[in-house]
Amino acid sequence: MKPTRSLYVIFVIFLLVFSTLAVKPPQQHLDVEARVNALLAKMTLEEKLGQLQQLDGEGNGTFRPEHLELARKGLLGSTLNVRGAKQVNQLQHVAVDESRLKIPILFGYDVIHGYRTIFPIPLAQASSWDPAVAERASTIAAKETYATGLRWTFAPMVDIARDPRWGRITEGAGEDPYLGSAFARAQVNGFQGSNYNTPNKILACAKHFVGYGAAEGGRDYNTTEISENTLRSVYLPPFKAAVDAGVGTLMSAFNDLNGVPTSANHFTLTKLLRDEWKFEGFVVSDYTAVKELINHGYAANDAEAAQKSLSAGVDMEMVSRTFNQYGPTLLKEGRLSQKEIDEAVKRILRIKFRLGLFDHPFADETLEQNAFLTPDSRAAARELAARSMVLLKNNNNALPLNKSVASIAVIGPLADDNRAPLGWWSSDGKDADTVTPLQGLKNKVSAQTKINYAKGCEISGDSKSGFQDAVTAANNSEVAIVFVGEAKEMVGEAASRSTLNLPGVQLDLVKAIQATGKSTIVVLVNGRPPTIGWIVENVPAILESWMGGTESGNAIADILFGDVNPGGKLPVTFPRDVGQVPIYYNHMNTGRPPDPASRFNSKYQDLPSTPQFPFGFGLSYTKFEVANVQLSADRIPLNGSVKVTADVKNVGQRAGDEVAQLYIRDVAASVTRPVKELKGFQRVSLQPGETKRVEFTLDPERLSIWNSELKFVVEPGEFKVMVGTSSEQLIEKTLTVERR
Ligand code: BGC
């Protein structure tokens, strides 16, 4: 062998060995890219634009003749709201059997906290401070959804919300980016599993990208103005967590962000999402959000709306049709490039391939028979609902109730309401499936306990004609439980409120019952933080049950009678008055923090600065103590980590759960930092007398801030490290981060 030849052979062998050893994308993804490119090469411009179109179905979940026609021509990329395995298959058959390129349709739907078995609203799930709750709820929701032929949900909603006037606060995990990120991750994992191309798994969609929760005045769809630092520190982390967890899609939002609507925002959709975060999935616009660019005053007409949105990074247009109508002209005029269109098509096809839609486009029509509301799903809904409730007050152990109680008055417009507990976005949940509180209590007590039910009043309206019956029911009973709160329609999209008080005459009803002198318990059924100052001052026990889903009545009864010891904590601050809003625990300190003793500082003349209930707050039927908070080191190098440990002890008489919470404060930095920031939490179950040691790690990721140059770095100096049982019950230590 000549030396040159042998060198060549060695080189080839080296290349072969190296190429097998080098880190490669999984084979499946390579195949996908090849298949995407091969398909794209065959597509006409019209077919390409068709993939970018998502159309709505009819109100009852069916499709229209137009859908069939478009599917036949290969011009329908996706639908929303069309569902039911038969329906889906019928339309899919037209796309796959009759269209030229046989590209399957992607069927999406809003499955937010359950499909038919409805779990607690997301804000409630976050109150569990147990991401496993959200993962389990999303897992079951995915299974039911899959059975109906759907392969995509527009969830999780991961918008941080600091304003309870905004009705959509109900759909997210509350006000904190760290807790919100944990719940975002959990939901993506629940819906998608480790591979969404698996039976019973569906594609998730993190929404609404981004800043939608900061709508001015809490008015839905309103403008937002968020500095880049706040965007990165507060609003983006849950989206980043969803992307890191592998979420397949994102939804661009309705809101204008700093002058550029989010459905045409190149900075968020391309620079951040694609260039920085390397997101490989696709972005769908929110409902007609592309066309709404005209109302925003950001586009003069439909053509400009299409151009600005698509080139900013929206791939699929929900409901409005500007991409399809104006794509060809924009391309011809050079206002959109072929590459921009192709990239959007590729992103959508990539997800369709990864989802296995080309290989298994049709739904198994037999699955629906046994998929919904199984005993297991109902049991999970009951357990998760109870795990999500928060005990706000319990003077003199008013709760739990004794099972031998002779009579209970069950009062209030939400006592036997089967709609409200399902909350906003209840998919195909049915009111008739709901276990109301009244039913739950009946299920719980023995025949010896008499239940005296009186509605008392409506949720809204000013009639007090039912009060007398309610007062009589209370007078005839040992205890009175009053169920007050919000109707289903008062929360969710386009359901902003300018007051957080209990609607109608509900507070007067509570007052009338309290005036009877009977032991009175208030159970809240609501979807946002309410203002309930009078109740907090006057009623001995308050349970926040939220909108707890299909099994909420049973879960409430489990808690009221002590079969489950409540362990939830608030994921959002409860204000004393709407005038305090926005009020959130992780605020800046200001130069003049509130000080009741002096005059010129940041406070209200007519209201304390403190909240009614702080973030992270929640009681139990037992008592806990946190002690022995220790740092593994008082000083760490610049990029070092420290372990934080603490003992949590159950010092009461019952088994129960406590949530140990870790907060930090970066005392002086190149930009001002919040007075507290959650950096760890752990829900632990403890027997009476039992102690558990919890351990957290503060690593560079958790100690980093977006600094004055918008770099994510640890800045040396002093940090307060706090551990406790709410954002206001904390033991503090000091940590110093060295310069190097
Ligand atoms: C909402 C989205 C939802 C979409 C489709 C919009 O109005 O903002 O959250 O996914 O409708 O139903």
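This is a predicted model: local features need pLDDT of at least 70, side-chain atom pairs count only at pLDDT 80 or more; totals for chains, interfaces and linings use all residues.

Me: OK, so how far is the polar side-chain atom of R168 from an oxygen atom of the ligand?
Reply: The distance is 2.7 Å, from a polar side-chain atom of R168 to an oxygen atom of the ligand, and with a cut-off of 3.5 Å for such pairs it therefore counts as a polar contact.

Me: And what about D110 and D286, what are their distances to a ligand oxygen?
Reply: For D110, a polar side-chain atom lies 2.5 Å from an oxygen atom of the ligand, while for D286 an N or O atom of the side chain is 2.6 Å from a ligand oxygen.

Me: How much of the ligand does the protein bury?
Reply: Taken alone the ligand exposes 310 Å², and the protein buries 94% of that area.

Me: Which residues come nearest, and what classes make up the shell?
Reply: There are 13 residues around the ligand, of which D110, R168, K207, H208 and D286 come nearest. Sorted by class, the shell holds 7 nonpolar, 1 polar and 5 charged residues.

Me: You mentioned K207 and H208; is the peptide bond between them cis or trans?
Reply: The bond joining K207 and H208 is cis, with omega at about 0 degrees, and H208 itself sits in strand β5, which covers residues 205-209. A cis peptide bond also runs from F209 to V210, again with omega near 0 degrees, and V210 belongs to the loop between β5 and α9.

Me: Switching to backbone angles, which residues other than glycine have a positive phi?
Reply: Among them are N258, with a phi of about 55 degrees, and V319, with a phi near 75 degrees. N258 is placed in the loop between β7 and β8, and V319 in the loop between β10 and α14.

Me: Are those two buried or exposed?
Reply: N258 is partly exposed, because its relative accessible area is 36%, whereas V319 counts as buried because its relative accessibility is 18%, the cut-off for buried being under 20%.

Me: Now Q580, where is that and what does its side chain reach?
Reply: Q580 is in the loop between α22 (552-560) and β17 (624-631), and it counts as buried because its relative accessibility is 3%. Its side chain reaches the backbone nitrogen of R576 at 2.6 Å, and a polar atom of that side chain also lies 3.0 Å from the backbone oxygen of P608. Beyond its neighbours within four places in sequence, Q580 is in contact with P575, Y604, L607, P608, S609 and T610.

Me: And A241, which helix is that in, and what does it contact?
Reply: A241 lies in helix α10, residues 237-244, and, setting aside neighbours within four places in sequence, it is in contact with S181 and R185. It counts as buried, because its relative accessibility is 7%.

Technical notes:
Residues are numbered from 1 along each chain as its sequence is written. Side-chain values use heavy atoms; hydrogens and water are left out. A residue is near a molecule or strand if one of its heavy atoms lies within 4 Å of it. A polar contact is a pair of N or O atoms within 3.5 Å; within protein, one must be able to donate a hydrogen and the other to accept it, and residues adjacent in sequence count only if both atoms are side-chain atoms. Accessible areas come from the Shrake-Rupley method with a 1.4 Å probe; for residues, only the protein chains shown count as cover. Ala, Val, Leu, Ile, Met, Phe, Trp, Tyr, Cys and Pro count as nonpolar, Asp, Glu, Lys and Arg as charged, and the others, Gly among them, as polar. Helices (H or I, at least four residues) and strands (E, at least two) are DSSP runs, numbered from the N terminus. Buried means under 20% relative accessible area, exposed over 50%, partly exposed in between (1.4 Å probe, protein chains only). Contact means heavy atoms within 4.5 Å.
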